[in-house]
Amino acid sequence: MTDRAAETPLRLLIADDHPVVRDGLTSMFASAPGFEVLGEAADGAAAVRLAQRLRPDVILMDLRMPGMDGLAAITELARLGVTARVLVLTTYDTDTDVLPAIEAGATGYLLKDSPREDLLRGARAAAKGESVLSPSVAARLMNRVRTPAPQLLSQRELEVLGLVAAVNTNREAAARLFITEATVKSHLLNIYAKLGVGDRAAAVTEAFNRGLLVPRSSGQS
């Protein structure tokens, strides 16, 4: 890739619901060589609309905004096939913020208190498709990788759900597992609560979606 900064400015879109933050970021990037701020958005919906119209290279995206938040906007941008890179810029670095944003398609994740040079460097790197992570976020992700996630369902609950997925009734599942039908029902209630669903069909679907159950191939009995 050629040195873009030497040819044309890096085009930015800034999405944040706080006017003071937008103004500060706009001033910072507009005064730095090699950058051009195309527009500002106060929420995710506006960011999606402007991204489609202005075609920026990088979108600086806050996560917590009214209406459509940053995560929903990142998801929608990916669905629409918008090619702009998304660099999350927020004050939050919890698992519930970081992981969904990266899974949705964010190229990088920086905190708002990052030094000016880190923000400038991060935007340039994001434009090239390089992963950009603040130190605290990188450490959190490394810890997540190194620490096995707790098993969501117990082995017995997986057995019950597997039999349910194979279209066994509660009575048939109980007979197969040598437990009472009431115990099967109790396991199912626990499964529903853990998966956040309300019935058998939804539990099976959610389990397949999460990889807790693996579909049988046509050659298996």
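Biologist: What is the volume of the second largest pocket?

Modeller: On a 1 Å grid over the protein atoms alone, a cavity is a set of points where a 1.4 Å probe fits but cannot get out, whereas a pocket is an open set with protein on both sides within 12 Å along at least five of seven lines. Grid points are joined across faces, edges and corners, and the space filled by probe spheres set on them is the volume. For the second largest pocket this volume is about 190 Å³.

Biologist: Which pLDDT do local features need in this model?

Modeller: Residues are numbered from 1 along each chain as its sequence is written, and side-chain values use heavy atoms, with hydrogens and water left out. The model is predicted: totals for chains, interfaces and linings use all residues, side-chain atom pairs count only at pLDDT 80 or more, and local features need a pLDDT of at least 70.

Biologist: How many charged residues are in the lining of the second largest pocket?

Modeller: Lining residues have an atom within 4 Å of a pocket point; here they are Arg 11, Ala 51, Gln 52, Arg 55, Pro 56, Asp 57, Gly 81, Val 82, Thr 83, Ala 84, Arg 85 and Ala 127. Ala, Val, Leu, Ile, Met, Phe, Trp, Tyr, Cys and Pro count as nonpolar, Asp, Glu, Lys and Arg as charged, and the others, Gly among them, as polar. By class, the lining has 5 nonpolar and 3 polar residues, and the number of charged residues is 4.

Biologist: Which helices are included in what covers the buried residues of α8?

Modeller: The buried residues of α8 are Glu 157, Leu 158, Val 160, Leu 161, Leu 163 and Val 164. Their cover includes α9, α10 and α11 (200–209).

Biologist: At what angle do the axes of α8 and α10 cross?

Modeller: Axes are lines fitted to C-alpha atoms, for helices over the stretch in contact, with angles from 0 to 180 degrees between N-to-C directions. Angles under 35 degrees count as roughly parallel, over 145 as roughly antiparallel, 65 to 115 as roughly perpendicular and the rest as oblique. The axes of α8 and α10 (residues 181–195) come within 10 Å and cross at roughly 95 degrees. That makes α8, relative to α10, roughly perpendicular, given a crossing of roughly 95 degrees.

Biologist: How many nonpolar residues are in the contact of α8 with α10?

Modeller: Contact means heavy atoms within 4.5 Å. Arg 156, Glu 157, Val 160, Leu 161 and Val 164 of α8 meet Val 184, His 187, Leu 188, Asn 190, Ile 191, Lys 194 and Leu 195 of α10. By class, this contact of α8 with α10 has 3 charged and 2 polar residues, and its nonpolar residues number 7.

Biologist: How many charged residues are in the contact of α2 with α6?

Modeller: The axes of α2 (residues 19–30) and α6 (residues 116–127) come within 11 Å and cross at roughly 75 degrees, and the two helices are therefore roughly perpendicular to each other. Leu 25, Met 28 and Phe 29 in α2 meet Arg 116, Leu 119, Leu 120 and Ala 123 in α6. This contact of α2 with α6 has 6 nonpolar and no polar residues, and the charged count is 1.

Biologist: Is Asn 170 buried or exposed?

Modeller: Asn 170 lies in helix α9. Not counting residues up to four places away in sequence, Asn 170 touches Glu 181, Val 184, Lys 185, Leu 188 and Arg 200. With 14% relative accessibility, Asn 170 counts as buried.

Biologist: What distance separates the C-alpha atoms of Glu 40 and Leu 13?

Modeller: Glu 40 lies in strand β2 (residues 35–41) and is partly exposed, with a relative accessible area of 33%. Not counting residues up to four places away in sequence, Glu 40 touches Leu 13, Ile 14, Arg 22, Asp 23, Thr 26 and Leu 50. Glu 40 and Leu 13 are 27 residues apart along the chain, and their C-alpha atoms are separated by 5.8 Å.

Methods. Helix = DSSP H or I, 4+ residues; strand = E, 2+ residues; numbered from the N terminus. Buried < 20%, exposed > 50% of the residue type's maximum accessible area, 1.4 Å probe, protein only.
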